[in-house]
Amino acid sequence: LDRTAVEEHPLAQVRIDVIAEQHLLVEPEDLREAHTELDKLIPAELKEKNTPGTVITVISGDQIVYQKAFGVANVETSAEMQPEMLFRLGSTTKMFTAAALLTLAENNKIKMNEPIGNRVKGLNARLGQVTPHHLLSNSAGIRDFAAPVISNDDPSLGNMVRGWKDDVFFADQGEIYSYSSPGYWLSGFVVEELYGKPYADAMTELLFKPIGMERTTLRPFMAITYPFATGHVVQEGKPTIIRPMFNNVAMWPAGSIFSNAKDLSRWVIALMNVGKVEGKQLLSPSLINQMVGHHVPVPGESDSYYGYGLTVFKYKGLEFVGHGGFSRGYGSMIQMVPSKKFAVIVLTNKSGETMRKSLNKAMELGLGLKDEEEKPAAVAPPTASEMNEYVGTYAHAPQTWEVSIKDGKLFMKFDEKDYAMTKSGERKFTFGAQNENEIVFVAGKDGKIRFLFTELYGAKKIR
């Protein structure tokens with residue numbers, strides 16, 4: 001249902017494979033049985049995934065119908081996990097950065113299709129031509145790369161972005177969807193420039209306070225004054241506390257919000273109820289409509305799009321909306337079905353863990369979803385002319401993919417190794433020691449193959 005990104009690893013993704021079979025919410029009398037099943041599954045998955053703790057929330061309509069904490073917040077103290085504890089969200093942060101920039105656009109601080117350089121000074125000329133629309137829809141052509149600045153100071157975000165050159169681009173804006181945390185760092189900088197305050201303060205004043213997200217913050221020294229889930233990573237088979245806690249202000253807009261289940265529930269209820277929480281209009285309907293818009297198609301997928309800070313996937317008449325996040329020590333996932341006003345929120349204190357089995361089960365129980373195996377359709381091997389179309393070198397710096405033909409077969413050179421490619425669908429191929437990597441070849445506006453797509457990132461044909 002969703003593809004999410006790891007902030008620090010440019011080739012990671014998460015898939016959630018749930019298939020809709022029925023479209024009705026469970027009746028209230030069925031909730032107790034559903035909750036009992038979750039109560040059994042969640043601790044079992046924690047043990048299986050070697051994860052210290054989690055808080056899982058289920059929302060139906062405008063109410064929290066299930067919210068429980070499991071496991072421990074700290075493996076050294078064995079402190080029990082509590083529902084009110086704060087977690088770092090990782091890339092789930094992106095939906096909030098998008099909402100903040102949209103709020104400023106609705107207040108006429110910028111237009112969504114206007115070059116940001118009209119309002120933000122000191123940027124590289126090419127960066128200045130990028131629009132908020134392309135930034136928030138991950139179609140600005142900006143590469144995904146590690147932050148060149150690590151700092152705890154508010155000015156670091158602007159100092160970093162103003163130092164970028166043309167080499168941050170791998171493609172022109174509007175050419176292809178490609179997940180980019182740097183594009184969201186830039187979006188956050190636009191927010192702070194338009195609002196006139198540091199990004200963290202702008203987010204609090206534009207979103208967190210108005211929505212009633214009382215403990216949500218970007219600032220670690222504020223977060224640790226509240227009940228707090230400590231971040232862990234598995235080392236030598238055991239969850240271990242990450243010390244020191246990682247922090248970089250320059251990366252905040254793409255993945256660094258601290259929040260808890262209560263605050264996130266208010267946010268999700270607002271998104272699914274035309275901006276209303278407890279009868280109060282907290283977000284504008286137009287803002288929400290823009291966030292869930294089908295702005296850029298995800299290559300190789302059917303009815304899959306990136307909105308503004310949200311992935312959108314339609315299957316059997318149900319549209320799922322959400323985003324996940326990995327951060328050092330934490331994992332998070334928000335999945336919503338707005339048409340049914342149903343959502344699940346998952347928070348964990350282990351790097352990259354999103355409790356997929358428990359999330360899927362919550363969706364299954366709440367919406368009548370069931371796992372279902374589909375037999376893959378037979379795929380004819382590529383023709384000679386088709387293979388010739390794909391041959392070339394594709395780049396998303398510093399990574400390259402070299403496609404060639406040897407003995408009448410298509411090969412991929414990746415990380416200095418050659419792999420035979422197996423066709424798996426329309427312009428889709430797999431490769432690797434166990435065919436674990438999937439790529440899609442993508443045509444440009446001229447109809448010729450100009451890109452390949454790696455399930456998360458685009459790469460442009462350079463020769």
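Student: Let's zoom in on helix α2: how many residues does α2 have, and how far does it reach from its first C-alpha to its last?

Tutor: Keep in mind that this is a predicted model. Helix α2 has 13 residues and reaches 18 Å from its first C-alpha to its last. That is close to the 18 Å expected at 1.5 Å a residue.

Of its 13 residues, 12 are buried, so the helix is largely enclosed by the rest of the structure. Among the buried ones are Met95, Thr97, Leu101, Leu104 and a run of alanines, Ala98, Ala99 and Ala100. Lys94 is on that list too. The charged end of lysine 94 sits over the ring of tyrosine 184, 5.9 Å from its centre. Just past the end of α2, asparagine 108 takes a positive phi of about 65 degrees.

Phenylalanine 96 belongs to α2 (residues 94-106) and phenylalanine 208 to helix α7 (residues 199-211), so the pair ties together parts that lie 112 residues apart in sequence. As for accessibility, phenylalanine 96 counts as buried at 1%, and phenylalanine 208 also counts as buried at 1%.

Phenylalanine 228 is in the loop between α8 (220-223) and β7 (232-235), while phenylalanine 258 is in strand β9 (residues 258-259), so the pair ties together parts 30 residues apart in sequence. Phenylalanine 228 counts as buried at 17% relative accessibility, and phenylalanine 258 is buried at 0%. Rings can also gather in a group: ring pairs link Tyr177, Tyr179, Tyr306 and Phe453 into a cluster. And there is another charge over a ring, with the charged end of arginine 126 sitting 4.2 Å from the centre of the phenylalanine 169 ring.

In one of them, the side chains of glutamate 48 and lysine 357 meet at 2.9 Å, N to O. Glutamate 48 is in helix α1 (residues 31-48) and lysine 357 is in helix α12 (residues 356-367), 309 residues apart. Here the accessibility is 47% for glutamate 48, which counts as partly exposed, and 42% for lysine 357, also partly exposed. Another salt bridge joins glutamate 193 and arginine 162 at 3.2 Å, N to O. Glutamate 193 lies in helix α6 (residues 181-195) and arginine 162 in helix α5 (residues 156-162), so this pair ties together parts 31 residues apart in sequence. Arginine 450 and aspartate 446 form a salt bridge too, with their closest N and O atoms 2.4 Å apart. Some salt bridges share partners, and that joins Glu45, Lys49, Lys350 and Glu353 into one network.

Let's finish with the strands. Strands of a sheet pair through backbone hydrogen bonds, either parallel or antiparallel. In this model, an open sheet of nine strands has antiparallel pairing and runs in the order β21-β20-β19-β18-β26-β25-β24-β23-β22. β21 (417-420) and β22 (422-425) are at the edges with a single partner strand each, so one side of each is left without a neighbour in the sheet. On average, neighbouring strands of this sheet are turned by 30 degrees against each other, direction ignored. Inside the sheet, β23 (residues 428-431) and β24 (residues 437-443) pair over four bridges, and threonine 430 has glutamate 438 of β24 as its bridge partner.

Elsewhere, β3 (residues 53-60) and β4 (residues 63-74) run antiparallel and are joined by eight bridges. They form a hairpin with two residues between them, and glycine 61 in the turn has a positive phi of about 70 degrees. β4 and β5 form a hairpin as well, with four residues between them.

Definitions and conventions: Residues are numbered from 1 along each chain as its sequence is written. This is a predicted model: local features need pLDDT of at least 70, side-chain atom pairs count only at pLDDT 80 or more; totals for chains, interfaces and linings use all residues. Side-chain values use heavy atoms; hydrogens and water are left out. Two strands pair if DSSP finds at least two bridges between them. Axes are lines fitted to C-alpha atoms, for helices over the stretch in contact, and angles run from 0 to 180 degrees between N-to-C directions. Buried means under 20% relative accessible area, exposed over 50%, partly exposed in between (1.4 Å probe, protein chains only). Rings of Phe, Tyr and Trp (its six-membered ring) pair if their centres lie within 6.5 Å; planes under 30 degrees apart count as stacked, over 60 as edge-to-face and the rest as tilted. A charge sits over a ring if NZ of Lys or CZ of Arg is within 6 Å of the ring centre and within 35 degrees of the ring normal. The expected span of a helix is 1.5 Å times one less than its number of residues. A salt bridge is a side-chain nitrogen of Lys or Arg within 4 Å of a carboxyl oxygen of Asp or Glu.
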